[in-house]
Amino acid sequence: PALSLSDLSPAAAAADPARSEEGIRAMLRWFKEAFPYERGTCASCGASAGYRGTVRASRRERGRLAARAELWRCGECSSWQRFARYNSVPQILRDRRGRCGEYTNAMLQLVLALGWRARWVVDWTDHQWLEIWMPAGGEAGGAWVPLDPCEAAYDEPLLYSAGWGKNMTYVVALGDGALTDVTARYTADYNATLRDRPLSEAQVASALRWVAHTKGAPRLQPAPWR
Ligand SMILES: [Zn+2]
């Protein structure tokens, strides 16, 4: 039978994990198709544009929760492109322009609205994605499952380190009432990662506890639409 929105709820996942996984995978494929990765393509002629710098967001852009805007110039027709880095999810959903930051923000709001426990995952070199808590079918427990909206990737934790050859040193999950060092599950060789770090695991854990204590552990809720 065709998938419906109710198949995408955590309650449906607890009852039928395989069908739920199929639904989430379909949602990720739809999202990647509908929300193309922003690469500085010229809106006038379709040629590739070159990055010329970042400026402070305009008053109008700040009203849609952007702090800065990128300027790009087309190599063919010389027209300028402006790419504001919006944090307003409705704006991101309308514009369909973004990279991992915008699209992780948007996908997080979609899964939170569907009722999932979710958290924001930040690789401190330059990438972001999210995780949802997938209940185990008919049993206690479950697991955090990575979702990458830019790659339509479901549960592929080694996509970055083994797949792309990325050298990741710190990967932190924010949300669900905690700040968690999740680097180990995303690196193919965690011992090598630990050797690259100037800090011990205990120091990282202590720093995250300190931030959570002083700033409050993040609890992601579906945001008011603005
Ligand atoms: Zn052009």
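Me: Which residue in E2 stands opposite Thr54?
Reply: This is a predicted model. Strand E1 covers 49-56, and strand E2 covers residues 68-74. The two strands run antiparallel and are joined by 7 bridges. The residue in E2 that stands opposite Thr54 is Glu70.

Me: Which strands are the edge strands of the open sheet?
Reply: The sheet has 3 strands in the order E1-E2-E3, with antiparallel pairing. An edge strand here pairs on one side only. The edge strands are E1 (49-56) and E3 (80-84).

Me: What is the geometry of the zinc ion's site?
Reply: The protein donors are the SG atoms of Cys42, Cys45, Cys74 and Cys77, lying 2.3 Å from the zinc ion. Four donors count as tetrahedral if all angles lie between 85 and 135 degrees. The angles among the 4 donor atoms here are 102 to 119°, so the site is tetrahedral.

Me: Is Cys74 buried or exposed?
Reply: Cys77, another donor of the zinc ion, is partly exposed, with a relative accessible area of 36%. Buried means under 20% relative accessible area. Cys74 has a value of 4%, so Cys74 is buried.

Me: How far apart do the C-alpha centres of domain 1 and domain 2 lie?
Reply: The domain assignment gives domain 1 as 5-36 + 99-215 and domain 2 as 49-87. The distance between their C-alpha centres is 28 Å.

Methods:
Residues numbered from 1 in each chain as written. Predicted model: local features only at pLDDT ≥ 70, side-chain atom pairs only at ≥ 80, totals over all residues. Heavy atoms only, no water. Domains from an automatic or database assignment. Donors = N, O, S within 2.8 Å, 3.2 Å for Na, K, Ca; no water. Tetrahedral: all angles 85-135°; square planar, octahedral: opposite > 155°, others 65-115°. Buried < 20%, exposed > 50% of the residue type's maximum accessible area, 1.4 Å probe, protein only. Pairing = 2+ DSSP bridges. Helix = DSSP H or I, 4+ residues; strand = E, 2+ residues; numbered from the N terminus.
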